[in-house]
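Hi everyone, thanks for coming.

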Amino acid sequence: MGRWVNQSYTDGFILVGIFSHSQTDLVLFSAVMVVFTVALCGNVLLIFLIYMDPQLHTPMYFFLSQLSLMDLMLVCNIVPKMAANFLSGRKSISFVGCGVQTGFFVSLVGSEGLLLGLMAYDRYVAISHPLHYPILMNQKVCLQIIGSSWAFGIIDGVIQMVAAMSLPYCDSRNVDHFFCEVQALLKLACVDTSLFDTLLFACCVFMLLLPFSIIVVSYACILGAVLRMRSAQTWKKALATCSSHLTAVTLFYGAAMFMYLRPRRYRPPSHDKVASIFYTVLTPMLNPLIYSLRNQEVMGALRKVLNHCRIGSQH
């Protein structure tokens with residue numbers, strides 16, 4: 001077994017990828033790169049606007065800036081390596097590089113899932129207890145929410161990375177994926193991984209269902225509070241406050257649950273790759289669009305920045 005571990009450590013792995021060099025796949029690859037560019041620019045712009053505009057210095061936008069940071073790190077962890085491999089024709093990744101990519105991926109997905117769950121609690125407090133909102137969601141509480149999201153995600157990522165990289169790997173080093181995904185790596189191990197599979201499934205269930213249960217409970221309480229409201233204006237405001245978050249939650253959890261909560265026999269690699277593209281590239285692009293195009297305060301901040309740039313250029 002030592003020979004297998006040393007060979008994997010020395011030679012690394014081969015990422016099979018998702019695209020061939022056919023005409024259709026070239027078009028799809030170009031589309032993914034456009035989505036990546038939009039995700040990169042959208043998340044950087046959103047973080048910049050939240051940082052620059054004092055009106056956006058509220059708990060909701062603080063959480064949103066962290067969500068954008070996670071999305072930014074997620075796409076930069078996956079897409080540049082995938083693009084470099086596709087364009088160069090070299091599909092290799094080092095053993096250490098594979099471990100780092102795995103750790104970052106699991107950490108960021110876990111942190112984002114938990115943050116989305118805790119953001120639902122923030123929306124509940126904002127709608128159900130508006131007068132006490134500044135007290136209930138003070139700076140200390142906000143930092144605890146952010147800190148716990150990052151901490152749980154990082155712990156999960158380190159555990160899975162260490163466990164996956166400690167396994168002995170056989171002569172085949174072809175990872176049937178476009179990045180180092182834990183379950184794709186397990187198929188190459190030279191030992192029985194059934195215990196690890198069970199622990200991994202339990203871990204995924206916990207990291208997905210815990211925040212998802214927070215979301216369900218929070219929105220059940222929000223619905224109860226909204227139904228007690230008499231004003232149509234208040235209804236509209238509550239709907240506007242929650243709609244962006246609910247859209248982001250649906251996109252993220254829909255793809256993540258499809259990916260990780262299905263039994264292995266219903267998980268062909270092609271389905272895993274498509275689902276992975278969805279929440280490693282498409283969701284990070286859509287999040288800033290969802291939260292900006294449907295949000296008057298963010299659009300107002302963008303207009304102020306553009307006006308400031310226009311006035312500056314005239315002088």
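I'll go from the record's annotation to helices, then the sheet, the aromatic rings and a few single residues.

Before that, some ground rules. This is a predicted model, so local features need pLDDT of at least 70 and side-chain atom pairs count only at pLDDT 80 or more, while totals for chains, interfaces and linings use all residues. Residues are numbered from 1 along each chain as its sequence is written, and side-chain values use heavy atoms, with hydrogens and water left out.

Okay, the annotation. The unreviewed UniProt entry marks "transmembrane region" at residues 26-49, 61-80, 100-121, 141-163, 199-226, 238-261 and 273-293. Keep in mind that UniProt positions are given here in the numbering used for this model, feature names are shortened, and annotations may be inferred rather than shown by experiment. What do two of those stretches look like in the model? Residues 61-80 are 100% helix and 0% strand, with end C-alpha atoms 28 Å apart. Residues 100-121 are also 100% helix and 0% strand, and there the end C-alpha atoms lie 32 Å apart. When I say helix, I mean a DSSP run of H or I with at least four residues; a strand is a run of E with at least two, and both are numbered from the N terminus.

Now, how do helices sit against each other? Two packed helices are described by the angle between their axes and the distance between the axes. Take helix α4, residues 95-128, and helix α6, residues 139-165: their axes come within 7 Å and cross at roughly 145°. The axes are lines fitted to C-alpha atoms, for helices over the stretch in contact, and angles run from 0 to 180 degrees between N-to-C directions. The crossing of α4 and α6 is right-handed.

Three strands make an open sheet, in the order β2-β1-β3, with mixed pairing. At the edges are β2 (92-93) and β3 (174-175), each pairing on one side only. Two strands pair if DSSP finds at least two bridges between them. Strand β1, residues 13-15, runs parallel to β3 and is joined to β3 by two bridges. If you zoom in, you'll see Ile14 opposite Asn174 in β3.

Next, the rings. The structure holds 11 aromatic pairs. A pair means rings of Phe, Tyr or Trp (its six-membered ring) with centres within 6.5 Å; planes under 30 degrees apart are stacked, over 60 edge-to-face, and the rest tilted. One of them is Phe212 with Tyr253, a tilted pair at 5.6 Å centre to centre and 50° between the planes. Why care about where they sit? Phe212 is in helix α8 (residues 194-227) and Tyr253 in helix α9 (residues 232-260), so this pair ties together parts that are 41 residues apart in sequence. Tyr253 also pairs with Phe252: the centres are 5.2 Å apart and the planes at 75°, so that one is edge-to-face. Phe13, Phe95 and Tyr169 form one aromatic cluster.

Tyr253 is buried at 2%, Phe252 is buried at 2%, and Phe212 is partly exposed at 30%.

Last, a few single residues. Val274 is in helix α10, residues 269-293, and counts as exposed at 56%. Its C-alpha is 8.4 Å from that of Ile18, 256 residues apart along the chain. Cys76 is in helix α3, residues 59-88, and is partly exposed at 38%.

Methods. Buried means under 20% relative accessible area, exposed over 50%, partly exposed in between (1.4 Å probe, protein chains only). A crossing is left-handed if the near helix is turned anticlockwise from the far one by less than a right angle, and right-handed if clockwise.
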